[in-house]
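Me: I am new to this structure and would like to learn how to read a few of its features. Could we go through them one at a time?

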Amino acid sequence: MIFSSVINLSLYRLLLFVALTIFIYKPLLFAQDNIKQSTTIYSVNSSFTELHELEAAAMADSKIDELNKIVEVHLQKAKKENDPVELARAYYYRILTEKPERAIIYSDSMIEITENSEHPNYPTLGYILKANVLYDQGKFQPALDNFLKAYNLALEKNNMDDQREISLAIAAIRNINGQHYAAADLYKRSLNLLKQKSNSTENYYEDYSTLLYNLSLTYLRLSQLDTSKYYVQKGIDLSRLENKEEDFKDFVLVDAQINFYKKDFKRAKDTLLKYIDDFDGTSKAIKLYYLGKIEKNYGNDKVALTYFKTIDSIVSSTEDPFNEVKDVYQQLIINSVLEDEEKEQIGYIEKLIYYDSVLSSEHENIANQAIVAYDIPDLKRQKLKAENQLKTKNLYVTLIAILAGLAVLIGLYFFIRSRKMNARLKLLMEESEMEEGKSKAITEHPSSIPEEIRKDILEKLAVFEKSDRFMSKDLDMYGLAQQIGTNTTYLSTVINHYKKMNFPTYVKDLKIKAAINQLSKNPDLLKYNYQGLAEIFGFKTGESFSKAFYKKTGVYPSKFLNELKSR
């Protein structure tokens, strides 16, 4: 499946603006009724609190000219009193209202003047604002650089609000660059924290709606349609309740994509056609892609081709590729071959190669940096926490093991159950060995991949399967393609054709085979709970490990582990 790589920028920016405003001017937002209007006279003799109120009011009313005048007075007063934090607060509005180039300059100034500040929000805020400007420009690599700097500062200053907001931004970038499992984990953490903070969606509507939207889109990309539908429906209900028309439209369009993959093409098409004229650029190109695929399914190849050519025009103009564009160019290449249009064919092939290279390179750089600078420190903190928890549980686990052993020895019931479990275990192991020994006789080969490249990929996959590289939690199609020196299109085709499964299932199967083998040979592993085993065998959670194990073997892991313990 191919999914949209575009995050909802309007929702994201609104959430970030609200969050930033709250932690800078939190006391002011609850005193809007007392804010003075434009008739108020202000000068360098006004207090900073008065200037804050006037700036907030002007910003809320979109009175940019008036806001700039107040900010100018704010800057003069801050310079006169040599107050770097107040100077930074004035720059804040400059960053929000200026064009990107000047906004970045003001962000750098904010960072410079507050570099040694002990204030809990500075210079963290400068890096966040700079990253947000870069993010809106689609410059995800430098945006990630600045978000990571901000995150490290938030850790140093123990600022939990900053950490939460920055984590969401990092999740958005990781989502765009193919690390959907990592993004989903961050979004769910944030949603749980938000629920602990308040079950009321009224006061935290923007936070809730943004998280629901991003979770629905992320699970759509992971092909978990029912889970995506769950979050979409919550978002639809919430936006309808709060009468948020634009947000309602965003959720409905994600629902249209879900309907597409559930093959409810009519509902998907009706929704897309209803809103298609509200979009332009990359957002419109993605909607056109789904319309093209729907027409393709209906057999309307000419209509589908018209959509795909429009997408080519948009991408060539914006130079903003998205994952689906590779499928678009493959369709255009096939059509040009059928129509004997050699010139068009060459052009489409060149674009496919170029955009595949661009997307793969961006994904690799961002994935590597996110893992090194964010995941590894976070995992170390989780590891320390898990180790402390494990120490407190050792006595309890030992006692349970002794009682279980005595029960097996003295109870006929347990003896009979043990024999049954031995039979199941033997069958499971025999089936595993038989599967390993099977040779899949395949006489047909994918014509889209040259023979030498196909053989090279298969040989490297064989080496990969014998290694432990598939144990990585964050391994994705882009990462493996880079490791074996190919592109994602070829790799996906080979795995689907020769392994008879998609990439996520292929990797999960390798992990479960390794788990069965290692658990059978190493009794020390049996002391771990599901979460511990998930960490060892490369799964995100104990639940995902359990589901994958049962899907592969038809046996619940609890029964398998209990049998191994009884041995």
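Reply: We can begin with surface patches. A nonpolar patch is made of residues with over 30% relative accessible area and no salt bridge, their nonpolar side chains joined within 5 Å. Keep in mind that this is a predicted model.

Me: Which residues form a nonpolar patch on the surface here?

Reply: Leu 399, Ile 400 and Leu 403 do, and together they have about 270 Å² of accessible area. Ile 400 belongs to helix 17, which covers residues 342-410.

Me: Is Ile 400 buried, partly exposed or exposed?

Reply: Buried means under 20% relative accessible area and exposed means over 50%, with partly exposed in between. Ile 400 has 40% relative accessibility, so Ile 400 counts as partly exposed.

Me: Now the charged side chains. What is the general idea, and how many salt bridges are there?

Reply: Side chains of opposite charge can pair when their charged atoms come close. A search of the whole structure gives 24 salt bridges. One of them is between Lys 249 and Asp 278, with the closest N and O atoms 3.4 Å apart.

Me: Which parts does the pair of Lys 249 and Asp 278 tie together?

Reply: Lys 249 is in helix 12 (residues 245-261), while Asp 278 is in the loop between helix 13 (265-275) and helix 14 (281-298), so the pair ties together parts 29 residues apart in sequence. Lys 249 counts as buried because its relative accessibility is 10%. Asp 278, at 49%, counts as partly exposed.

Me: Where do Arg 267 and Asp 255 lie?

Reply: Arg 267 forms a salt bridge with Asp 255, and their closest N and O atoms are 4.0 Å apart. This pair links distant parts of the chain, with Arg 267 in helix 13 and Asp 255 in helix 12, 12 residues apart. Arg 267 has a relative accessible area of 46% and is partly exposed, whereas Asp 255 is buried at 10%.

Me: What does Glu 465 meet in a salt bridge?

Reply: The side chain of Glu 465 meets that of Lys 499, at 2.9 Å from N to O. Glu 465 sits in helix 19 (residues 451-466) and Lys 499 in the loop between helix 21 (488-498) and helix 22 (503-521); the two are 34 residues apart, and the pair links distant parts of the chain. Glu 465 is partly exposed, with a relative accessible area of 26%.

How values were computed:
Residues numbered from 1 in each chain as written. Predicted model: local features only at pLDDT ≥ 70, side-chain atom pairs only at ≥ 80, totals over all residues. Heavy atoms only, no water. Patch = residues over 30% accessible without salt bridge, like charges linked within 9 Å, V, L, I, M, F, W, Y side chains within 5 Å. Areas by Shrake-Rupley, 256 points an atom, 1.4 Å probe, with all protein chains shown as cover. Helix = DSSP H or I, 4+ residues; strand = E, 2+ residues; numbered from the N terminus. Buried < 20%, exposed > 50% of the residue type's maximum accessible area, 1.4 Å probe, protein only.
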